[in-house]
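Dear colleague,

I am handing over a structure that you have not worked with before.

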Amino acid sequence: MKGEKCNTLAALATAMSSGEVETVDLTHTLDSDFPVIVLPPEFGQCAPFRAEVVSRYDERGPGWYWQNISMCEHTGTHFDAPIHWISGKDLPNASVDAIPATAFVRPVCVIDCSKECAENEDFLLTPEFIQAWEKQHGQIPAGDWVLLRSDWSRRSSAAYLNMREDGAHSPGPSADAVKFLVEERDILGFGTETVGTDAGQAAHFSPPYPAHHLFHGAGKYGLQCLRNLDQLPPTGAILVCPPLKIKNGSGSPLRVLALVERASK
Ligand code: MN
């Protein structure tokens, strides 16, 4: 490589121009109607997205349109940094502004649990399920993102949160699956289509909210409220997911993209 330019990016540029590599948008539109997580009433609450017009080609600004916006760091399709959870609060580089940029462009494995989630809204991803997936697609490489495809993003607002008297009912990883992905696979982060990385009933798991507690405690990242995971291959795509660079930010809404290689015709 010394003194000689590597042609990898040129090959990528060609593949993108020809459509051999496509860009898939995994992001929901930021909209005041998009559901945010609801905590028990004694806790502080996550704010939905709000937009207020500053001017729109009118007396407030005759030639231009812009909006002031506000939201929680965890509104809409968003990124969770390790500092989001108490278990990750003292780790180095644990806030969105301090995470090394290499984390934001990495390979991704997609575990399809959509059939199981259609049959069981409390479906839990287990180490056994992951290992069965690996028998087909190969071992999850260290440093990859792992996404749980549930097709949950197709649900409408009420069915999306799926709150009942005993709390939310939505799929997620078991505590053992989180431990497996941290200790045995050393993944970079874990993403879901649901409102959180944890299952709806995860307050009752041991430890409570294992995806938040164990992933963030190990310096791993989270993504949630993803969509279009059905357009991704099980392996081989590249995830592009840079959060906003908020000082000491615990997370951030973001645009999540995937570069996907299409089979040549
Ligand atoms: Mn979050």
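The notes that follow go through the metal site, the pocket, the aromatic rings and the backbone.

This is a predicted model, in which local features need pLDDT of at least 70 and side-chain atom pairs count only at pLDDT 80 or more, while totals for chains, interfaces and linings use all residues. Residues are numbered from 1 along each chain as its sequence is written, and side-chain values use heavy atoms, with hydrogens and water left out.

**Metal site.** The manganese ion is coordinated by H74 through ND1, H78 through NE2 and D80 through OD, at 2.2 to 2.3 Å, where donors are N, O and S atoms within 2.8 Å of the metal (3.2 Å for Na, K and Ca), and sites may look incomplete since water is not among the atoms. Along the sequence these donor residues follow the spacing H-x3-H-x1-D. H78 has a relative accessible area of 3% and D80 one of 0%, so both count as buried; buried means under 20% relative accessible area, exposed over 50% and partly exposed in between, with a 1.4 Å probe and protein chains only. T75, in the loop between β3 (61-70) and β4, is also buried, at 2%, and its C-alpha lies 9.5 Å from that of Q224, although the two are 149 residues apart in sequence. Strands here are DSSP runs of E with at least two residues, and helices are runs of H or I with at least four, numbered from the N terminus.

The largest pocket has a volume of about 830 Å³. A pocket is an open set of points on a 1 Å grid over the protein atoms alone, where a 1.4 Å probe fits, with protein on both sides within 12 Å along at least five of seven lines, and lining residues have an atom within 4 Å of a point; the points are joined across faces, edges and corners, and the volume is the space filled by probe spheres set on them. Its lining has 35 residues, of which I37, V38, L39, P40 and Y209 lie nearest the centre. By class there are 16 nonpolar, 15 polar and 4 charged residues, with Ala, Val, Leu, Ile, Met, Phe, Trp, Tyr, Cys and Pro counted as nonpolar, Asp, Glu, Lys and Arg as charged, and the others, Gly among them, as polar.

**Aromatic rings.** Rings of Phe, Tyr and Trp (its six-membered ring) pair if their centres lie within 6.5 Å, and planes under 30 degrees apart count as stacked, over 60 as edge-to-face and the rest as tilted. By this rule there are 9 aromatic pairs. One of them joins F79 and F104 edge-to-face, at 5.8 Å centre to centre with 80° between the planes, and it links F79 in strand β4 (78-80) to F104, 25 residues away in the loop between β4 and β5 (105-112). Both F79 and F104 are buried. The ring centres of W85 and Y209 are 5.8 Å apart and their planes are at 65°, so this pair is edge-to-face too. F79, F104, W145 and Y221 form one aromatic cluster.

**Backbone.** The peptide bond from S206 to P207 is cis, with omega near -5°, and P207 is placed in the loop between β11 and α6. N248, which is not a glycine, has a positive phi of about 60° and is exposed, with a relative accessible area of 55%.

With best regards
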